[in-house]
Amino acid sequence: MFKKFTNGCVRVINRWLPDPFLFAVILTIVVFIAAMVGTAQGPIAMINAWGNDKGFWNLLGFSMQMALVLVLGSALASANICKKILRKVAGLANSKKSAIIVTTVISTICCWLNWGFGLIAGALLAKEIARRVRDVDYPLLIASAYSGFVIWHAGFSGSIPLTIAGGYTIGETTYQAATSAPLFHPMNLIMVGLILVLMPLVNYAMHPDKEHTIAVSPELLVDPEPKKYNIDTPADKIEHSKILWVIVLVMGFGYIIYYFVTQGFNLGLNIVNMIFMFLGILAHGNLRKYVDAIGEAASGAAGILLQFPFYAGIMGLMVAKNADGLSLAAIISNFFAAISTPVSFPIWTFLSAGIVNFFVPSGGGQWAVQGPIVMPAAEKLGVEVGRAAMAIAWGDQWTNMIQPFWALPALGVAGLSARNVMGYLVIVLIFTGIVACLGFLAWGLLF
């Protein structure tokens, strides 16, 4: 019965899921109409909210940060030392079951550390495992690699907990919670732990029978030849200079150490990106190789560059207020706030964040949409800052399983399309949704 349901999800997704960019365009149209109807604003007001600097171009700075998270994480994952580690880890898989379990566990841990690194490392690991275990279903293996992304916002590169750590001001009120409060709260760690332990088993339970198993195409397993460098000219010698490499590393890690000594363990997107940049420079061994790795990784950010303006436009439509100060985002969030108690509020916030994530699949964008509504409502209900913020964060990461935007880089590495893996990820969505709802219920009752 379980596999029949899974196979049905796979067939529906393969038939109906459009390209992620077209998905963004369709969502833009849906939100445009919904915002007009919900807030009684005219098309001119809506088109202005969509296309102005507070809409279409509102996420340029954040887009750069997110592109760097992806590119820097990808560049680090592509270093020879990281590939060697992945090959050794892949050696742990010698059957279909171990292939799915190892891929899921490692990708989940990597995404918790850094989502950009985890996306690419998981896909590379899956391809390496596919070389060793030829009877494993390749789309499910890649879906398992991507499924680890479902806990990224509960980890070190989560934009919402990192933003709230620096203080978030609405009007005259500043909402702040130290990084340790949401990320290392016992309930957050328990939810992450349950997913880490149980999700690999859920993924393996979806493995199709031999008749329906899709093996990896041999051409996808052919790695490009390592680039060879000729060091002939003075310019070549400068590019490969160990002296310059060491100086850059000393400066970079010197600042990182200074930051933690003076700021404590208060992570932000900028310091996380800086850590991964200099780890990447260290792992590649010289500056020229790192420049080339960044160039190769940058192509994976194409989806961010093209689609983020459209999602920023959607965000502009979501927050566009009418003469009474009412926006579509407010309608959605206020509905959930109105039916909530201090215990149930984070659960409803989680669910509403999952809905909003379809339209604004960006942690920072999601926070910009829901933060101004959720945080004051949480204060009125007596819900602590960290729990309310993490409810948004968990909702944002939850529906990424069936919102194809962030799967693009991993799918590029894997050589698959979104419709190949999204059917399996529907099951992951259901499973993690249950874990999160029960987790936030326990969070409210026990802490």
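Phe431 is buried, at a relative accessible area of 15%; the cut-off for buried is under 20%. The model is predicted.

**Phe431 and its surroundings**
- Residues up to four places away in sequence aside, Phe431 touches Leu194, Ile195, Leu198, Met199 and Val202.
- Gln263 lies 168 residues from Phe431 along the chain, and the C-alpha atoms of the two are separated by 38 Å.

**The nonpolar core**
- The largest nonpolar core has 143 residues.
- Its residues with the most contacts inside the core are Trp115, Ile129, Leu141, Phe149, Met318 and Trp394.
- Helix H22, residues 418-446, supplies the largest share of this core, with 14 residues.
- Ile129 is in contact with Leu141, and also with Ala90, Ala93, Ala99, Val102 and Thr103, once neighbours within four places in sequence are left aside.

**Aromatic rings**
- The whole structure holds 17 aromatic pairs.
- In the pair Phe440 and Trp443, the ring centres are 5.6 Å apart and the planes are at 0 degrees, so the pair is stacked.
- The cut-off behind that label is planes under 30 degrees apart.
- Phe440 and Trp443 are three residues apart in helix H22, so about one helical turn separates them.
- Phe440 is buried because its relative accessibility is 0%.
- Trp443 is buried too, with a relative accessible area of 1%.
- One aromatic cluster is formed by Trp50, Phe56, Trp57 and Phe310.

**A charge over a ring**
- Lys242 places its charged end over the ring of Trp245.
- The distance to the centre of the Trp245 ring is 4.6 Å.

**Helix H20 against helix H22**
- Helix H20 covers residues 385-398 and packs on H22 at an angle of about 175 degrees.
- The two axes are 11 Å apart.
- Angles over 145 degrees count as roughly antiparallel, so H20 is roughly antiparallel to H22.
- From H20, the contact is made by Arg387, Met390, Ala391, Trp394 and Trp398.
- From H22, the contact is made by Leu429, Thr432, Gly433, Ala436, Phe440, Trp443 and Gly444.
- Phe440 and Trp443, the stacked pair, are thus among the H22 residues in this contact.
- On the H20 side, Trp394 is part of the contact and is also one of the residues with the most contacts inside the largest nonpolar core.

Conventions
Residues are numbered from 1 along each chain as its sequence is written. This is a predicted model: local features need pLDDT of at least 70, side-chain atom pairs count only at pLDDT 80 or more; totals for chains, interfaces and linings use all residues. Side-chain values use heavy atoms; hydrogens and water are left out. A nonpolar core is a set of buried Ala, Val, Leu, Ile, Met, Phe, Trp, Tyr and Cys residues joined through side-chain atoms within 4.5 Å. Buried means under 20% relative accessible area, exposed over 50%, partly exposed in between (1.4 Å probe, protein chains only). Helices (H or I, at least four residues) and strands (E, at least two) are DSSP runs, numbered from the N terminus. Contact means heavy atoms within 4.5 Å. Rings of Phe, Tyr and Trp (its six-membered ring) pair if their centres lie within 6.5 Å; planes under 30 degrees apart count as stacked, over 60 as edge-to-face and the rest as tilted. A charge sits over a ring if NZ of Lys or CZ of Arg is within 6 Å of the ring centre and within 35 degrees of the ring normal. Axes are lines fitted to C-alpha atoms, for helices over the stretch in contact, and angles run from 0 to 180 degrees between N-to-C directions. Angles under 35 degrees count as roughly parallel, over 145 as roughly antiparallel, 65 to 115 as roughly perpendicular and the rest as oblique.
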